[in-house]
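Look through the structure below, then follow the paragraphs that come after it.

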Amino acid sequence: MHYKNCTTRLAARSGAEDVESCGMQGSLVGRGVMIAEQWARISEELRAEIGEHNHRSWIEPLDCGILQQGVVQFTAPSRFVGDWVKRNYHDQIIQRLRASDPSIARIEFNVLHTPRPTARSKAQTPEPQRDTGLQGAPLDGKFNFDNFVVGKPNELAHAAARRVAEGGEVTFNPLFLYGGVGLGKTHLMHAIAWALHQNRPDLQVLYLSAEQFMYRFVQALRDRQIMDFKNLFRSVDVLMVDDVQFIAGKDSTQEEFFHTFNALVDQNKQIIISADRAPGEIKALEDRISSRMQWGLVVDLHPTDYELRLGILQSKAALFAETYGSVQIGDGVMEFLAHRITTNVRVLEGALQRLFAFSSLIGQEISMDMVQDCLSDILRSSERRVTVEEIQRKVAEHFNIRLSDLLGPKRTRIIARPRQIAMYLAKELTSRSLPEIGRRFGGRDHTTILHGVRKVEEMRAQDSQLAEDIDLLRRLLQS
Ligand code: ADP
Ligand code: MG
């Protein structure tokens with residue numbers, strides 16, 4: 001009798017069923033019966049039971065197809081979703097189905113196969129490039145590999161980015177790039193996208209920010225087009241999501257992102273993600289998501305060092321010359337900027353741009369005087385720096401040793417190592433000279449400080465634990 005509930009719409013969708021015959025159970029069983037209405041009711045019951053959130057993630061994406069010879073066939077958007085539902089909700093679903101039709105023996109999950117969008121778009125348009133209805137965020141033409149300056153702090157991230165940009169076999173998935181603000185994450189992501197367009201025009205590459213991902217997801221929910229959303233996102237070959245920390249704490253978006261992620265990994269599609277910190281450090285990001293993020297390759301962009309900043313300034317000067325015409329740059333200006341503006345490349349770049357604009361306006365070279373005049377605000381704000389004393393305190397705390405030992409004469413490794421790290425941080429994070437730092441380290445000679453700084457520079461290249469300690473301390477001190 002429950003077959004009476006069949007609706008015209010659903011019958012039309014299945015193509016095979018005839019609404020009129022819904023009452024005639026016997027003749028229908030062999031041909032397969034739409035049980036969509038019961039499913040709609042069961043799905044609602046499940047919503048109350050498992051929560052809105054799980055429901056939207058796992059149950060809503062299912063299409064309940066037909067009942068045939070005691071088997072109910074569901075269609076899931078991916079193998080992952082199908083498996084998940086089978087593992088977690090199988091019993092609840094089958095019990096309810098049986099309550100309305102005791103002849104039901106089993107349920108099965110099939111995976112929805114969507115046509116390859118690349119093939120489809122190729123057929124429609126002459127150019128090989130994208131049109132799946134999925135528009136990524138616009139790419140900045142200047143953010144390419146040619147304009148990316150490589151130095152010690154970013155060489156690993158750069159190498160990994162280069163590697164995925166070749167578009168060869170997927171060897172690490174995802175590539176997870178992280179680092180502080182303005183260290184070049186977005187630049188690298190765009191560079192990858194550009195290079196892929198060139199190297200593999202056949203691939204469907206989608207770049208967007210996590211915020212845009214959320215926006216689209218919410219829109220799809222609102223417009224009841226969640227299946228379209230899912231299908232589209234699952235049809236790309238390379239998915240790049242920038243600033244993924246944004247979706248932490250946004251539960252349903254997180255969940256949906258996780259599904260998209262899994263579906264693509266299942267299909268061996270490359271995923272590239274950026275965030276402002278390591279996966280495990282993103283608060284309110286679900287554990288299973290953060291651990292899955294670490295399956296691939298996690299690389300960080302370290303804070304820039306002086307040489308890298310100088311290199312970036314030179315590279316940007318060449319770019320700005322294209323816009324503002326060539327401009328004379330006085331002695332020591334670039335060095336001064338690289339020394340003083342240390343935390344954020346974007347700010348450094350903005351400072352140089354301002355100088356170029358001003359210099360071309362008044363037709364004079366960029367002098368140190370001009371720097372002081374034009375950049376007083378930036379220079380002032382970059383002055384709020386940590387003190388040597390703060391660094392010493394934090395380092396002692398971190399390594400669990402006494403401050404008096406850190407400053408004292410003991411030479412055991414357990415003390416000497418943190419001491420050298422503190423010297424290194426003092427050199428990096430303050431504008432104190434070596435003799436000044438020496439004085440604050442219990443009256444040590446500047447050569448001792450230099451030795452300590454060099455030692456740490458050497459060690460951090462080989463010792464990843466040490467490098468991590470330093471990064472952590474640096475972040476603590478600068479926050
Ligand atoms: P993030 O996304 O990490 O916050 P961006 O990629 O937006 O940082 O970089 C900020 C600015 O700094 C951009 O203009 C970018 O071109 C520039 N930049 C950062 N690192 C480099 C680099 N290694 N070489 C050249 N430009 C860089
Ligand atoms: Mg960015």
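Which residues form a nonpolar patch on the surface? Phe358, Leu361 and Ile362 do, and together they have about 290 Å² of accessible area. Accessible areas come from the Shrake-Rupley method with a 1.4 Å probe, and for residues only the protein chains shown count as cover. Patches are made of residues with over 30% relative accessible area and no salt bridge; nonpolar side chains (Val, Leu, Ile, Met, Phe, Trp, Tyr) are joined within 5 Å, like charges within 9 Å. Ile362 lies in helix α15 and counts as partly exposed because its relative accessibility is 38%. Buried means under 20% relative accessible area, exposed over 50%, and partly exposed in between (1.4 Å probe, protein chains only).

This is a predicted model, in which local features need pLDDT of at least 70 and side-chain atom pairs count only at pLDDT 80 or more, while totals for chains, interfaces and linings use all residues. Residues are numbered from 1 along each chain as its sequence is written, chains are lettered from A and ligands numbered from 1 in the order in which they are written, and side-chain values use heavy atoms, with hydrogens and water left out.

The chain has 23 helices and 9 strands. Helices (H or I, at least four residues) and strands (E, at least two) are DSSP runs, numbered from the N terminus. Of the 479 residues, 49% count as buried.

Helix α13 covers residues 306-324. Its 19 residues reach 26 Å from the first C-alpha to the last, close to the 27 Å expected at 1.5 Å a residue; the expected span is 1.5 Å times one less than the number of residues. Among the buried residues of α13 are Leu308, Arg309, Ile312 and Phe320. The buried residues of α13 pack against α8 (185-199), α14 (333-340) and α15 (345-362). Just after α13, Gly325 takes a positive phi of about 80°.

Side chains of opposite charge can pair when their charged atoms come close. The structure holds 23 salt bridges, each a side-chain nitrogen of Lys or Arg within 4 Å of a carboxyl oxygen of Asp or Glu. One of them joins Glu44 and Arg47, with the closest N and O atoms 3.1 Å apart. These two residues are separated by about one helical turn, because they are 3 residues apart in helix α3 (residues 36-50). Asp405 and Arg402 also form a salt bridge (3.9 Å, N to O). Asp405 is buried, at 14%, whereas Arg402 is exposed, at 58% relative accessibility.

Technical notes
Contact = heavy atoms within 4.5 Å.
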